Amino acid sequence: MRDILDAVASGDLSPAEAEAKLAGYTTTGAGRFDAARETRRGVPEAILAEGKTPDETATLAAAAVETSGRALITRASHDHVDAVKAMLSDADIDSDPRAGTIVATEPGFERPTIDATVGIITGGTSDAEAAGEAAAVLREMGASTERIEDVGVAHLGRVLDHLETLREVDVLIVAAGREGALPTVVAGLVNTPVIGLPVSTGYGHGGDGEAALLGMIQSCTVLSVVNVDAGYIAGAQAGLIARAVAAARDD
């Protein structure tokens, strides 16, 4: 503790960085940022922009960059992007409007690397938002990704055309809306861990992702399932599996 206090006194460490080291989080006027989550859990903390004002999101992003070198933001609008860019003018910022993600890093930030590949599969183009959120998390965790888009079960040939790739990756995330059948089909064809990501696309009753979720949790194949549109959770879980696979590969 004395070393931390001395570093603050000398100006080598900011109060926010000191708080993060001592408490594991830092406090801002917009809320608290869990700066120790990646060290504690192996998963980067994410700032959910949905429900927050652009200024609140940017304030938390600034705290994240100051204390951990990086901010990962999900469910972000164009206004959130503009606010983050304005507040973090010296940071490197990458935004994906389709996925609703923003990643801001301090100059020279080095991401970890994982010697494993995660396949991210979508049933249709409408599933790209949740899949993109998962991809953003995996990138920040250091895993490679292989994207296969628009291979829904309305034409099984589209899935079978990619069977060799599906069997080569270390983990699979399969995003699908409507009745959510694609993860079951894929899981029946591979010996790879499969994470089903139900998406809130579809028509009428159950079209908000409920039918997809129920279909996946009732799957007769070996399949893990996250909540509707939970791309962050799917990506983080796949990243943890990928890290374990890479560690086993190195042994």
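Of the 251 residues of the protein chain, 47% count as buried. Buried means under 20% relative accessible area, exposed means over 50%, and partly exposed is in between, with a 1.4 Å probe and protein chains only. This is a predicted model: local features need pLDDT of at least 70, side-chain atom pairs count only at pLDDT 80 or more, and totals for chains, interfaces and linings use all residues. Residues are numbered from 1 along each chain as its sequence is written, and side-chain values use heavy atoms, with hydrogens and water left out.

**Overall form**

The protein chain has 11 helices and 11 strands. Both are DSSP runs, numbered from the N terminus: helices are H or I with at least four residues, strands are E with at least two. The radius of gyration of the protein chain is 20 Å, close to the 18 Å from the globule rule for 251 residues, so the chain is as compact as a globular protein of that length. That radius is taken over C-alpha atoms, and the rule is 2.2 Å times the number of residues to the power 0.38. The C-alpha trace spans about 65 × 45 × 25 Å along its principal axes.

The accessible surface of the chain comes to about 12200 Å², and 48% of it belongs to carbon and sulfur atoms. Areas come from the Shrake-Rupley method with a 1.4 Å probe; for residues, only the protein chains shown count as cover. Among contacts with a separation of 6 or more, 65% join residues 24 or more positions apart. A contact means heavy atoms within 4.5 Å.

**Pockets**

| Pocket | Volume | Lining residues | Lining by class |
|---|---|---|---|
| Largest | about 280 Å³ | 18 residues | six nonpolar, eight polar, four charged |

A pocket is an open set of points on a 1 Å grid over the protein atoms alone, where a 1.4 Å probe fits, with protein on both sides within 12 Å along at least five of seven lines; lining residues have an atom within 4 Å of a point. Points are joined across faces, edges and corners, and a volume is the space filled by probe spheres set on them. Ala, Val, Leu, Ile, Met, Phe, Trp, Tyr, Cys and Pro count as nonpolar, Asp, Glu, Lys and Arg as charged, and the others, Gly among them, as polar.

Gly123, Gly124, Asp127, Gly177 and Arg178 lie nearest the centre of the largest pocket.

**Single residues**

Arg178 sits in the loop between β9 (171-176) and α9 (182-187). Its relative accessible area is 48%, so Arg178 is partly exposed. Arg178 has a positive phi of about 50°, although it is not a glycine. Most residues other than glycine have a negative phi. Arg75, in the loop between β4 and α5, also has a positive phi, near 55°. Arg75 is partly exposed at 28%.

Thr57 lies in helix α4 and is buried, at 0% relative accessibility. Leaving out residues up to four places away in sequence, Thr57 touches Ile47, Ala49, Lys52, Ile73, His80 and Val84. Ala86 belongs to helix α5 (residues 78-87) and is exposed, at 61% relative accessibility. Ala86 and Ala58 are 28 residues apart in sequence and 8.4 Å apart in space, C-alpha to C-alpha.
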